[in-house]
Amino acid sequence: MKYLIIILSTILVNNVIFSQFLGICPFLGTSKKTSTALGMGAAVIFVLTLSTLVTWLVNQYILLPLGLEFLQTIAFILIIAALVQMVEIILKKISPSLYTALGVFLPLITTNCAVLGVSLTVVTKEFNYGGVAHMLSLGESVVYAAGIACGFALALIIFAGVREHIELMEVPEGMKGTPIALITAGILALAFMGFTGIV
Amino acid sequence: MKKQQKSRKEELKMSNNLQTFTKGLLKENPTLVLLLGCCPTLATTTSAINGMSMGLATTFVLVLSNIFISLLKNFIPDKVRIPCFIVVIASFVTVVQLVMQAYVPSIYETLGLFIPLIVVNCIVLGRAEAFASKNPVWPSLLDGLGMGLGFTCSLTVLGCIREFLGNGSIFNLAIMPETAKILVFILPPGAFIVLGFVIAIVNNLKKSK
């Protein structure tokens, strides 16, 4: 039940894009086509879940016992960068087909602030899923990260679908491109606000 | 004759430096023209003060990382330059984080996660890679300062617009009566819509020039 609440809350209520503003750059950059959006979404789900798992463990078993919490930012960004590089190499060897599908997006993910943002959130912020405020356990952190990533993918795919339609519309000259995309995102964010209060 | 040539050279250098400084403010404004650093732009402009403090924190990191990367550029091997840049930037971000936590805890609370996230702000890494790693210290400093102030200005302007529409005040100075507030402009949807319109206006201004 607790995990269900985490998933619902991360995907719909606190959607990473429409209410937390993390990962806006790839959201605007890779949403011109639905196929690109699918690839990016899948890559983010994969990397975000994995990196949160690793950073949580590093924080719990290396940084906390040594009293080095202030190094979290530096340590996490290095772990994420190394991890992304490693995933790229491993995928290339093990599954070339998956690599060709996700390959282009992987290097971009290092600078996706959602990845660093979620890694930092789960080790610094208290949540009250299930009634009591507490730091997230390993299982909860991973589910939280997966939920956030799915929320990102969902937002990206919906937005890409809308943008494909906008391409066919007559948009005023100055509004073409980014401005109309941002305003569309604003209206989508309004729609997502309707989920407030379901969990 | 020689003296004249020398002074002309210096003049040219001066105007070049000035250009390095001012291009970040208007022509290559990071948020409104280059569209870099969208996340903090959208998230922290709920009020003019928040926007400005986020901008200043980023400026500080940008200037210092530009100076250091420009000083270190001959020692960093080309192949591992990006990780090196990230370490330099992350160190300065940690400095900013600890200083803000100590001296302005209320602003640190409101900006929250977005202070450590300066590390992945594309403006900082972008300037390190595109400018500081190829230029001497003084121009790098000016470039960082110009870009940072450009970022700060656009964040402050966006913050003013959103605070005015959503809360009826600018810099906490009440202007509109209580009844004339449109709350949605402080909430997430307002961020997207205001930024969209401001960029559209800038685009139109650029075209009509």
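Asp78(B) is exposed, with a relative accessible area of 59%, where exposed stands for over 50%, buried for under 20% and partly exposed for the range in between (1.4 Å probe, protein chains only). In this predicted model, the side chain of Asp78(B) forms a salt bridge with that of Arg81(B), at 3.8 Å from N to O; a salt bridge is taken as a side-chain nitrogen of Lys or Arg within 4 Å of a carboxyl oxygen of Asp or Glu. Arg81(B) is partly exposed, at 25% relative accessibility. Glu129(B) joins Asp78(B) and Arg81(B) in a network of salt bridges.

The model is a prediction in which local features need pLDDT of at least 70 and side-chain atom pairs count only at pLDDT 80 or more, while totals for chains, interfaces and linings use all residues. Residues are numbered from 1 along each chain as its sequence is written, chains are lettered from A and ligands numbered from 1 in the order in which they are written, and side-chain values use heavy atoms, with hydrogens and water left out. The ipTM and the pTM are both given as 0.87. For chain B the average pLDDT (the predictor's confidence in each residue, from 0 to 100) is 87, and 93% of the residues score at least 70. Within chain B, confidence is lowest in helix α1 (residues 2-22), with a mean of 70, and highest in helix α3 (residues 48-72), with 93. Helices (H or I, at least four residues) and strands (E, at least two) are DSSP runs, numbered from the N terminus.

Over all chains, the count of salt bridges is five. In chain A, Lys2(A) and Glu140(A) are paired through their side chains at 3.0 Å, N to O. Lys176(A) is partly exposed, with a relative accessibility of 44%.

Between chain B and chain A, the count of salt bridges is zero. One residue pair, both at pLDDT 80 or more, is in polar contact across the two chains. A polar contact is a pair of N or O atoms within 3.5 Å; within protein, one must be able to donate a hydrogen and the other to accept it, and residues adjacent in sequence count only if both atoms are side-chain atoms. The elements of chain B that give two or more residues to the side touching chain A are α2 (38-43), α4 (81-103), α6 (122-132) and α8 (188-208). The largest share of that side, 13 residues, comes from α8(B). By residue class, the side of chain B that touches chain A holds 28 nonpolar residues, seven polar and one charged. Here Ala, Val, Leu, Ile, Met, Phe, Trp, Tyr, Cys and Pro count as nonpolar, Asp, Glu, Lys and Arg as charged, and the others, Gly among them, as polar.

In terms of contact (heavy atoms within 4.5 Å), 36 residues of chain B meet 34 residues of chain A. The two chains bury about 2900 Å² between them, 85% of it on carbon and sulfur atoms; buried area is the accessible area (1.4 Å probe) that two parts lose on being put together, summed over both. On the side of chain B, the residues that lose the most area to chain A are Cys39(B), Val120(B) and Phe192(B), together 22% of what that side buries.

Within chain B, Ser65(B) lies in helix α3 and is buried, with a relative accessible area of 0%. The side chain of Ser65(B) reaches the backbone oxygen of Leu62(B) at 3.3 Å. Apart from neighbours within four places in sequence, Ser65(B) is in contact with Val88(B), Ile89(B), Phe92(B) and Val124(B). Val124(B) is also among the buried residues of α6(B), including Ile123(B), Leu125(B) and Arg127(B). The N-terminal end of α6(B) is capped by Asn121(B), a side-chain oxygen of which lies 3.0 Å from the backbone nitrogen of Ile123(B).

Phe21(A) sits in the loop between α1 and α2 (24-29) of chain A and is buried, at 6% relative accessible area. For Asn172(B), phi is near 65°. Asn172(B) is placed in the loop between β1 (169-170) and β2 (173-174) of chain B and is exposed, at 59% relative accessibility.
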